[in-house]
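Hi,

Here is the structure I promised to pass on. Have a look at it first, then read my notes below.

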Amino acid sequence: MVISVLTYCRPQDLEELLPELLEQAGTVPGPVEILVVDNDPQGGARDQVAAANTSDSPVPVRYVHEPNPGIASARNRALTEAAKAQLLVFIDDDERPTAKWLTQLLDTYSTFRPAAVVGPVLSRYDTEPDPWIRGGGFFERRRFATGTSVSLAATNNLLLDLVEVRRLGLRFDERFGLSGGSDSLFTRQLHRRGGQMIWCDEAVVIDVVPADRLTHEWVLQRAFRMGNTWSRINLDDTENGERMLVRFTLLVRGTVRVLGGLARYLAGLIVGQLPQRARGLRTAARGAGMLSGSVGSVYHEYKRS
């Protein structure tokens, strides 16, 4: 089994995460390798990973440099580097696993033998968000009962059966490398090609949210990006003959979200409810993103200097 961490210029996060992964890996049977895929063109994490890979550690930590920009390239590099393994577990460098996270993922895999196991992500904030961000639920994510089949997932807490991934001929689409969404498209295709994805609600990871993401501008841009990506993956994963219908549907749904979100915002202004205003703008921003994505516009989340 390989546990893969994708990293880009986050030395402090990596310093905190690697010891936790080493501890988790030591609690499960069988050979485990931790793989750090560095997407920094300068390879800035090389020495840091070398320092973590001590001779007395029972779990090897391997470093690979993926200079091709974009998170999809880093994800594909992880697939390539784990070619001899049966299982690949993805976790982000700004996340922290809770107790028994890895054990819970593996137990769910052993019970259901799916193509993938998906776990929840909960947010922890560097600083307390203002009431508008709290009220808008901008960092709230879905949760299900363990054993629930799901059709879409991110790679921030994901176990993959690589035998199934190879059988289904899946890779991450590098056209989504700087915009985000390659993981959503990948798991959507996995589901559509017959791969089962099972939710494990006990396998929680904590998303560490820095203060610079706790602004009104950042969370609304994120909502816009999510809408933009959603439209693009729907269009990309559609046969040519159906694409016009899908595009029209996305335009309608995006317009409804924009108008509905603005109406909710105005209602919140009238009755003085902060959560209504925040959730209304979140919905409108996502709808605007859907509209932009439906006409081919691409919003780049992972910018490179």
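R113 is exposed, with 52% relative accessible area; exposed here means over 50%, buried means under 20%, and partly exposed is in between (1.4 Å probe, protein chains only). You'll find R113 in the loop between helix 4 (101–112) and strand 6 (116–118). Helices (H or I, at least four residues) and strands (E, at least two) are DSSP runs, numbered from the N terminus. R113 isn't a glycine, yet its phi is positive, at about 50°.

Before you go on, keep in mind that this is a predicted model, where local features need pLDDT of at least 70, side-chain atom pairs count only at pLDDT 80 or more, and totals for chains, interfaces and linings use all residues. Residues are numbered from 1 along each chain as its sequence is written, and side-chain values use heavy atoms, with hydrogens and water left out.

C9 also has a positive phi, about 55°, although it is not a glycine. C9 sits in the loop between strand 1 (2–7) and helix 1 (11–25) and is partly exposed at 47%. C200, on the other hand, is buried, with a relative accessible area of 0%. How many disulfides are there? The count is 0, where a disulfide is a pair of cysteine sulfur atoms within 2.5 Å.

Now the salt bridges. A salt bridge is a side-chain nitrogen of Lys or Arg within 4 Å of a carboxyl oxygen of Asp or Glu, and the structure has 19 of them. In one, R62 pairs with E33, with the closest N and O atoms 2.9 Å apart. R62 is in strand 3 (residues 61–65) and E33 in strand 2 (residues 33–38), so this bridge ties together parts that are 29 residues apart in sequence. R62 is partly exposed at 26%, while E33 is buried at 19%. Both R62 and E33 belong to a network of salt bridges that also takes in E66, R77 and E81.

Next, go to the loop between helix 5 and strand 8, because E140 in that loop is tied to R279 in helix 10 (residues 274–294), 139 residues apart in sequence. The E140 and R279 side chains meet in a salt bridge at 3.7 Å, N to O. E140 is exposed, with a relative accessible area of 54%.

R141 makes a salt bridge too, with D207, at 3.2 Å from N to O. D207 lies in strand 11 (residues 205–209) and R141 in the loop between helix 5 and strand 8, so parts 66 residues apart in sequence are tied together. Which of these two side chains is buried and which is partly exposed? D207 is buried at 6%, and R141 is partly exposed at 30%.

On to the rings. Rings of Phe, Tyr and Trp (its six-membered ring) pair if their centres lie within 6.5 Å; planes under 30 degrees apart count as stacked, over 60 as edge-to-face and the rest as tilted. The structure holds 6 aromatic pairs. Y125 and F139 have ring centres 5.8 Å apart and planes at 75°, so they are edge-to-face. This pair links Y125 in strand 7 (residues 121–125) with F139 in the loop between helix 5 (131–136) and strand 8 (149–150), 14 residues apart. Y125 is partly exposed at 22%, whereas F139 is buried at 8%.

F139 pairs with W218 as well: their ring centres are 6.2 Å apart and the planes are at 10°, so this pair is stacked. W218 is in helix 8 (residues 216–236), 79 residues away from F139. Elsewhere, F90, F172 and F186 form one aromatic cluster.

R188 lies over the face of W230, 5.9 Å from the ring centre. The charged end of R232 is over the ring of F176, 4.2 Å from its centre.

F248 is exposed, at 55% relative accessible area.

Cheers

Terms used: A charge sits over a ring if NZ of Lys or CZ of Arg is within 6 Å of the ring centre and within 35 degrees of the ring normal.
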